[in-house]
Amino acid sequence: MGEVSRGARALVVCPDIRGMAYDLDADSRLAEAEGLALAIGIIVAESFVLPVREVRPNLLFGAGQVENIRIACEQDDAELVVVDGALSPIQQRNLEEKLERKVIDRTGLILEIFGERAATAEGRLQVELAHLDYQQSRLVRSWTHLERQRGGFGFLGGPGETQIEADRRMIRQRMGRLRKELEQVRKTRGLHRERRERAPWPVIALVGYTNAGKSTLFNRLTGAEVMAEDLLFATLDPTMRAIALPGVEKAILSDTVGFISDLPTQLVAAFRATLEEVTAADVICHVRDMSNPSSDAQKKQVLQVLADLGVAGEQGEGSEIPILEVWNKLDLLSDEERAELEEVASADKDVVAISALTGEGVDDFLSRVDAILTAGSREHEITLEANEGKALAWLHQHGRVLSDEPEGDKGRRSLVVKLSDKEFGRFQSLQD
């Protein structure tokens, strides 16, 4: 068995376990698994859903099903089997022996993608920590073929160590160091966030299921060149850029990591920090791919993650942060579907329909965001001394100055400014 790498031909198998509650139907899960494989450069030779009546502790599948997988691998010349589910170390090892091919599960595949895509220092640290946590469980004493054990980030190939206990000790030590480094990175980012809050422009966070079009919208609004391919997990690290809105001279737009169903446990913990920006946002824009038949199920997943972060309830309710649903990919809908969707969106103040690719509806989207950010603005009478030029400039930049008149002959100015409660609080903190 040689090494398997990018360009490898793979068989993608989606187990459909009886009695297990899934968020997506079997066909949607299979399509997502294929997307994950394609995202790492694997050639999907064949894919299918495999019903599992009873989970076998040693193989997951029944003996007959394993034989069918082996035959399919030979027929399609597949050198890798991707199982869209969690495999125990024993199941993975036994399947590899029976199939005489490398086998990776969903967690291994996603970690492989994350390892390739993470761009920032924090992203790389989180990936390595998640990888080591996963790898630790793969060090199985009973393996006799440790030359195939995964090393580095390469689940798809590469030599392994044979000294299992030494490996375990090294992994534990490395994980300890990584956690300390991550804590330092988080503290640094917390300071950056505090600085932004003082600076203090409103933050607009784009969230959504992976491949919903967040990065395409981000690029259109900012002119940035964030990776925006038709791939799952095209972006991993939060990217921030300044944009201008009609009533807000400057706002910070943040593009976050895409959500996905059944994110492996190691990754939920490792990547929660990348979503911390969402909890500090002034408005959350939930971008949805309305051309995807699983759009409603994907919405449920996103709201679940937001609920876990304490941002909103599972139905998107009870959030202190306003959530605007952005119904994207109008350009992929039929005329009839599109007309129906636009009619529903126009009747709901919390929904806007757009095509991030063509730009249609984007101006309306910006107006909605602007309206949310300036909602609840109240008039404030403010008097500034002659030496408070910075405060005067800040008010002109962040509020709507209704009047600005000199008061007396000492350079003092009297202003009437329309500010939201949050902006007025920020102004007061600047004055303290």
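What share of the contacts in the protein with a separation of 6 or more comes from residues 24 or more positions apart? The answer is 68%, where contact means heavy atoms within 4.5 Å.

Before selecting anything, a note on the ground rules. This is a predicted model, in which local features need pLDDT of at least 70, side-chain atom pairs count only at pLDDT 80 or more, and totals for chains, interfaces and linings use all residues. Residues are numbered from 1 along each chain as its sequence is written, and side-chain values use heavy atoms, with hydrogens and water left out.

**Stop 1: the whole protein.** Colour by secondary structure and you will find 14 helices and 13 strands (DSSP runs numbered from the N terminus: helices are H or I with at least four residues, strands E with at least two). Of the 432 residues, 51% are buried, that is, under 20% relative accessible area with a 1.4 Å probe, counting protein chains only.

**Stop 2: strand 7.** Now select residues 251-255. Five of the five residues are buried, so strand 7 is largely enclosed by the rest of the structure. Show the side chains: Ala 251, Leu 253 and Asp 255 point one way, while Ile 252 and Ser 254 point the other way.

**Stop 3: its partners.** Look for Ala 205 opposite Ser 254.

Note on methods. Buried < 20%, exposed > 50% of the residue type's maximum accessible area, 1.4 Å probe, protein only. Pairing = 2+ DSSP bridges.
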